[in-house]
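These are my notebook entries on a structure that I had not examined before. I set down what I looked up, in the order in which I looked it up.

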Amino acid sequence: MGVHPLDVVRAGRWQRALFGTFALSLGFFEAAPLRALRRGGATDIRILADISGVAGSLGEAGAREVGRTYALDAIGVPTGCFHPKFVLLDGENGPRVLVGSGNLTFGGWGRNLELCEALTPEAAPAAFGDMADFLESLATSPRVDFPRSEVVGSWAATLRRLPATGEGDVRLLHSLDRSIAEQLVEMAAAAGGATGLLVASPYFGSANAVRSLADRLGVDRVQIHVSTALALAGRHYDFQADPRSEPVVIEYLDEGRAQRPMHAKLIEIICHDAVLMVSGSVNASGPALSTPNNVELAVVRRRAATSAARPFIGSLPSIPVHAQDSVSSAPPVLMATMVGRTLSGIVMASGSAGTWSARLDATGEFRDLGDVEVGTARRFEVAVAAGDEISFGSRRAILVLSRGEQRIAGFVTFPDLLELNRRWGTSAGAMLRVVGGSTEDEDMAGVLEYFARHPDETAAPWTGSRGARNEVEFVDNRVVPLGDLEIRPRSSAADITTSGWGVSSIDRLVAAIRRSIIGAGSVPGVAPPSGRDDHCDSNNKSDDPPPPPPARTDRVFEQLCEAYAGRVPSDPQTELHRLAELGLCVLARRPDAERFASFVSWWCGMAAPQLRCDHDRVDLRRLATLLVLVHGMNVGSPAGARRRIASVVGGVNEAIKDARSAIPQRLMLLIEEASAGIEALDEFTVRVYAERSSVEEMPSLLAAIRAETDPPPLTVLDSEPEMAQLRRRIAGGFASRVPIAGLAANSCPRCNIGLAQAEVERLRSVGLVVAKNCCGSVVVLDRSR
Amino acid sequence: MAKPLNLTELDIAVAAMDGAWPVPPLPMYIGGVDPLGLRQLNFGLMDRCIPGLNNAAWRLRPYIVMAWAWWQAARLADRDGLPALPVMTGRQFADRVEVIFQAGHLVAGEFGSLPGSEGIQERVVSPGGIDFSTPEWNAWHLRRRDQGSLMAPVSYGPSVKEGLGMGFLRSSGGLFSPVDEVMPAVLALDECLATVRDNEALSSLECGWVPLAFMKQCHPLWRMDAPTTAEIEVGRAALLGSGGAAARSGTLALVRSILDSAETPLDADKIRILAARSDMPWSHRSIARLWRAMQARQLLRIALEGLLNWVLAKSSDGPISLDALTADLMAEIDVDASLSMNDWLTSACPSADGLDGRVSPASLLDDIDGVRQFENAGLCASGLRASLQICHDMEDDESLFGGQADRLPLARLSKRLRSGGALPMRDACELIISELLIGQHVYWAIGRSGDDTQRLRIVLDEGGWVALHGAGHANPTPDRLFTLLELGADCGLIDRMDDGYMRTETVAAPPGGES
């Protein structure tokens, strides 16, 4: 049993990965290799693909992260195609190279019969130097159209740092400078001269490439593998055109009745001193083998023996005929980057200069960008009247240029997001995905973990938020240089002058997370109510995989609550606001009445003594009002709810009316799914309206005391035992001697003798208490002090 | 499952191969009934129209039988002086009652709505009875909990428990007891069983052989079609529901209005169509709008899954490029390349009954269900168009057409397509194929499954898209209407006739009706 390339990708803690491919399926890439790399902690991931592969993947809307958490570069080869298939991995266990025949597609990673080699610096030191040669040549070769060729420089440098090597039994060959055949002939000569040739390939073109190689090697015996199934457009070798050829079956490429479409390429040159085993991307065709038309990459390994083969007997198996576009007809693509509000890029097609109409497909909408001028150097630039919602969109962004019948499309890459991902590691990746729509437990937990570990750095969006209305008005036109994308120091809360927007890209990302948490519609990280899973229905079944319980998110959220609770006294508005929104987001993932009630109770318990909402904190005022209402409904205390709203927010009726007009979607869901429901809340609200509270009466009492006049009748306060004594004191002309305490007081303001804890609590909840430890006066609370 | 190798172990394994090796196949699981991930939003709408019921549990009597069984078990435990009813004993007794009830109905040819006919036939009917004291019974009883028992999750189990369903049983520590409101029905059934309830099979917590003859003897006493008045009244109150389940009474009121307007009986299919039409006297009611929205979602799902079947058929004979698929789709739906998407989206969507899908989504739904979808891309595309038109006609109401973005909520889809309304049909067809069909499928098959490549039906490779899975047929998801109608008939809210349902005059209008 062989090793799957995915096993290697999964096994290491890779920091970087570079893929090379001809055909490309981004849907497959995002589902399998990218997922595996992410789990291992890789943050710098890039694909180099032939221009036709990129063009094909444009039609694959299932891929969503391209340009945001990994980069994709198109490579054009005017004389042929960019055909190598490789994976370079680099991490704490050193680099690895995988070279094979399989493209970065589902077929190339196991649906087809493919061959693969995995190389380590210890076992194949020379091959790593060869790989560096290949990358350096790729970056500089005039045969290749590689607009962002500088991206491979760091990889070449990494490989060059490995211990210097000389000859070795395993080498890599590429065709950027010379044909593969020419190099093989030289290697065969060095191995004592060739005596035989064994070839397996899905494509031959004609028999010319094999015949030519045999001629140059000087062999008179050529064995060609015959398969019962060949990959797309594969053809059998033309045995009749080559009298030297002999049909055989290579044992380890014969899968019997389970034969997969063969896409493997194998050339074995039997020499006097060794057998040269050549695997990789090289088909036994002219453009791949005989001439350096394509860019190919192959592993050449010196072995002691050739692969076992047996004669093929019978007529050649029938192979379905498929029409296939020639590689030269690959549609053109463009590559675009968006930084700030500027979209720029290059059209990878000749004759593209002139005026085009531009359309951007991002965030679920098509935006007409008007005319764009493509210069003679094929470059263009266009301004986009939009902001971060495009960068942080939930799907890939595609730019389309059209002119008459011509149409050129390409992915938009967001360099600042890629850089964030690279520098900031998995936390940024998780954040980008959450903002982009991920509902995975792993991603949401990743975000919360970062929030828990970095409370200061993530507070900005909740610092001085002025509500949704003002956020809409805020326009961020700045372009953030990549050099500014540092983790620390973060902007301090005091520096934030705009509503929830920080001064760097990381601040903007955190702000985007907040927007996504509170935003309308389906919210990233939040799964909607799942219907009625408790009564499975044989006829009403969806085969969605059962969503795993968000166990990690729940666990991390508990840690976060613990960590943030201690921060509440220092900035109650910011911290309680943040806790409320994060809490609702987490709870809405798995609505549960007990958890919801417990959280609301915990939050209100902290808010009651500490939170006083500023008038311009619209969102916080609404949220606090609603949470207090829900808690009041849960415990059946309309009077308590009224008192608490009056204390925390202010004018109760106005606060309730305002809050009910804009119930956050998350909270609405929880009220419906994990509480008594919105109708019950309506009924409870009516009861709250009918109540009065001591907090609301207190200003009248304080005004009377200060004016040294009798207080008016006070429905609630007059029922408190302290009021009779207080009224007597005021009526007796001692109003000026009534001790008045502020919210923080824990002693009698007149005597400075400490109040008992129960008295402090009564003062804060009722607003009146008798100072029994000292003067026995009624102390009155002024919440404004 | 083998433990994954670490990197060192992999290095050793690779070194041992001494050369290139064949890449092993990726694991892949063929199947899945929800290739585009669209069903959950539809279920959500069904939950709002007919909450708490499913498509399998559609008769009243089984609910009462289960309630009686648990009541009887508790009564017997009390009679025997047990301090408490042991959980296993209670479960086995209730299941024994179910088997006796099921076997009698199976022999009488009245098994409709009951689960597990094969097991009953093999283990009870064929041997002429069953010994409830054997290890074989114990093992079968345990298996029946998942499939075969009335209490199973795919049968009456979810609905009989307290919640949004009929709510006849209250759960406590693994045991159940009838809720107070059900007791009149339980006592009425107990009275019906007066002549047989002293038989050991029904009067003892432990029991041996029970002959089939006894089961046949019981059958006329608790026949499905003969509920007592008390049972009907209890069932009616439960079916009309309260709180979260009260929406059922609104749907029943809608059904009664439809039946009231009909001169002849209407079957479930006709009622479904009429309830969803936009040009009927009841169409403005909120429950009718909800029903129409649900049918529009059903139409969207079957239309897109039908079009996916067309794509799979096209890509079954070898790779096909997106360009070629786009050209084929344009030919199938017979549009000019220069037509704008907006013009196409607003064009007519006729159905076989002469109505337009925009007016009667369930008619077009039936049409798409009735054809070979992989050969009828044009009809499926009409379904897509009609569902979007309905959404737009209903002001893209988020409360009806919203939902999780990756499940293609109609409101969001409508907005997206309108933002590209000026696109030529060539681009529109490409968008439908690449985004709504293949993109959505790939996303759900591999992106959301969390397990790499499960359930993938089509892949992109050299040359274009290749189907891994042949074209199938998308069916509308059963929407519980039949259950509602049957239970409504059992509960005396409507009359059941040979060829459909009619309004009954014997029961006052249930709450939830709107003028």
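Entry 1, burial. I count a residue as buried when its relative accessible area is under 20%. The model is predicted, and I read every value below as computed from it. With that cut-off, I found that buried residues make up 61% of the 785 residues in chain A.

I listed 27 helices and 24 strands in chain A. I then turned to contacts within chain A between residues with a separation of 6 or more, and noted that 73% of these join residues 24 or more positions apart.

Next I looked up the pairing of β17(A) with strand β18 of chain A, residues 365–374: the two are antiparallel and share nine bridges.

I asked how many residues each chain brings to the contact. Chain A gives 85 residues and chain B gives 84 residues. The area buried between chain A and chain B came to about 6,800 Å², with 57% of it from carbon and sulfur atoms.

Between chain A and chain B I recorded seven salt bridges. I looked up the one formed by the side chains of R359(A) and D427(B), with an N to O distance of 3.6 Å. For polar contacts between chain A and chain B, the count is 17 residue pairs, with both residues at pLDDT 80 or more. On the side of chain A that touches chain B, the largest share is six residues, from helix α1 of chain A, residues 5–11. By class, I noted 28 nonpolar, 32 polar and 25 charged residues on that side of chain A.

Strand β6 of chain A, residues 115–119, runs antiparallel to strand β1 of chain B, residues 21–22, and two bridges join them. Within this pairing I found L115(A) bridged to P22(B) in β1(B).

Key: Residues numbered from 1 in each chain as written. Chains lettered and ligands numbered in written order. Predicted model: local features only at pLDDT ≥ 70, side-chain atom pairs only at ≥ 80, totals over all residues. Heavy atoms only, no water. Contact = heavy atoms within 4.5 Å. Buried area = accessible area lost by both parts, 1.4 Å probe. Salt bridge = Lys/Arg side-chain N within 4 Å of Asp/Glu carboxyl O. Polar contact = N/O pair within 3.5 Å; in protein donor to acceptor, adjacent residues only side chain to side chain. Helix = DSSP H or I, 4+ residues; strand = E, 2+ residues; numbered from the N terminus. Nonpolar A, V, L, I, M, F, W, Y, C, P; charged D, E, K, R; others polar. Pairing = 2+ DSSP bridges. Buried < 20%, exposed > 50% of the residue type's maximum accessible area, 1.4 Å probe, protein only.
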